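Hi,

Here is the structure I promised to pass on.

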Amino acid sequence: MENLYQYAYLSCIRPEVSLTRVYEIVQVSRKNNRNANITGILVFDGWRFFQYIEGADDTVLDLVRKLRQDERHHQFTELLSTPFAGPRLFRNWSMGYSVTADETLLTAFTRLTPGEVVLRIPDLVDSVDLEP
Ligand SMILES: Cc1cc2nc3c(=O)[nH]c(=O)nc-3n(C[C@H](O)[C@H](O)[C@H](O)COP(=O)(O)O)c2cc1C
C-alpha cells in the first residue's frame, strides 16, 4: 500500500505570464503527473490558481517543493497538507483543468479550514467545467 498524501494551495499568476503559458503548465503537468502517479485538479480564474494534488507522499512533497519555487506564480498559500488513508478523490485525472470566470469561487477557499477544503473540492468540481 502506498502512503498517500494530499495537498492544496492557492496562488496568483505573475502578471507577466501569458495565458498560453498557463496551457503549457497544464500540458507538462499532465505528462509529469501521469508518470509520477499524481492525480488532482487545477482551477484558474484569470488571476488565481487553486490546485489539489494527491499521490505517494514523497512524490507529492517533491512536487510541492517545485511549485513553491516556480516563478510563474506567487503569493503561494497552503490550504491543506496531510497524509490520508484514501481512496483518492481523483482516480482518473492526472490534472483536471478548468478556467472559471467566477471570481468568488476561489475566494471562498481562503476562509476554510483544511478539513473544509477537502469537503468543498467536490462542490468546486461541480461548479466548473473540468477537462479530464
Ligand atoms: C500553477 C502551477 C501548477 C503546476 N502544477 C504542476 C503539476 O501538477 N505537476 C507538475 O509536474 N508540474 C506542475 N507545475 C510546474 C512545476 O512548478 C515545475 O515547473 C515542473 O514540475 C518542472 O518539471 P520538470 O522538472 O520536468 O522540468 C505547475 C506550475 C504552476 C505555476
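Before anything else, a word on burial: a residue is buried if 20 or more other C-beta atoms lie within 10 Å of its own, exposed if 12 or fewer, and partly exposed in between, with the C-beta atoms placed from the backbone. Please keep in mind that this is a predicted model, where local features need pLDDT of at least 70, side-chain atom pairs count only at pLDDT 80 or more, and totals for chains, interfaces and linings use all residues. Residues are numbered from 1 along each chain as its sequence is written.

**Overall picture**

The protein chain has four helices and five strands. Helices (H or I, at least four residues) and strands (E, at least two) are DSSP runs, numbered from the N terminus. Going along the sequence, their order is β-α-β-β-α-β-β-α-α.

The radius of gyration, taken over C-alpha atoms, is compared with a globule rule of 2.2 Å times the number of residues to the power 0.38. For 132 residues a compact globule would come out near 14 Å, and the protein chain agrees with that at 14 Å. Its C-alpha atoms fill a box of roughly 40 × 30 × 25 Å along the principal axes. Of the 132 residues, 28% count as buried.

I call two residues in contact if their C-beta atoms, placed from the backbone, lie within 7 Å. Among contacts in the protein chain with a separation of 6 or more, 81% are between residues 24 or more positions apart.

UniProt lists residues 4–96 as "domain: BLUF", in an unreviewed entry. UniProt positions are given in the numbering used here, feature names are shortened, and annotations may be inferred rather than shown by experiment. Over residues 4–96 the chain is 33% helix and 41% strand, with the end C-alpha atoms 19 Å apart.

**The core and strand S1**

A nonpolar core here is a set of buried Ala, Val, Leu, Ile, Met, Phe, Trp, Tyr and Cys residues joined through C-beta atoms within 7 Å. The largest one has 26 residues, and Tyr7, Leu42 and Val43 have the most contacts inside it. At least two residues of this core come from each of S1 (4–13), S2 (39–44), S3 (48–56), H2 (57–69), S4 (73–84) and H4 (114–127). S1 gives the largest share, six residues.

S1 is largely enclosed by the rest of the structure, because eight of its 10 residues are buried. Two strands pair if DSSP finds at least two bridges between them. S1 runs antiparallel to S3, joined by nine bridges, and alanine 8 has tyrosine 52 in S3 as its bridge partner. S1 also pairs with S4 in the antiparallel sense, over nine bridges; there, leucine 10 is partnered by threonine 77.

**Leucine 106 and valine 43**

Leucine 106 sits in helix H3 (residues 103–107). With 18 other C-beta atoms within 10 Å, leucine 106 is partly exposed. What does leucine 106 contact, leaving aside its neighbours within four places in sequence? The list is Leu10, Val43, Asp45, Arg48 and Phe50. Leucine 10 lies 96 residues away along the chain, yet the two C-alpha atoms are separated by 8.1 Å.

Valine 43, not counting residues up to four places away in sequence, touches Phe50, Ser98, Thr100, Leu106, Leu124 and Val128.

Glycine 86 and proline 87 are joined by a cis peptide bond, with omega about 0°. Proline 87 is in the loop between S4 and strand S5 (96–99).

Asparagine 37 is not a glycine, but has a positive phi of about 55°. Asparagine 37 is in the loop between helix H1 (19–36) and S2, and counts as partly exposed because it has 13 C-beta neighbours inside 10 Å. Glutamine 75, another residue other than glycine, also has a positive phi, near 50°. Glutamine 75 lies in strand S4 and, with 11 C-beta neighbours inside 10 Å, counts as exposed.

**Around the ligand**

A residue is near a molecule if its C-beta atom, placed from the backbone, lies within 6 Å of it. Which of the 16 residues around the ligand come nearest? They are Ser29, Asn32, Phe49, Asp70 and Arg72. H1, S3 and H2 each supply at least two residues of the shell, and H1 gives the largest share, five residues.

Cheers
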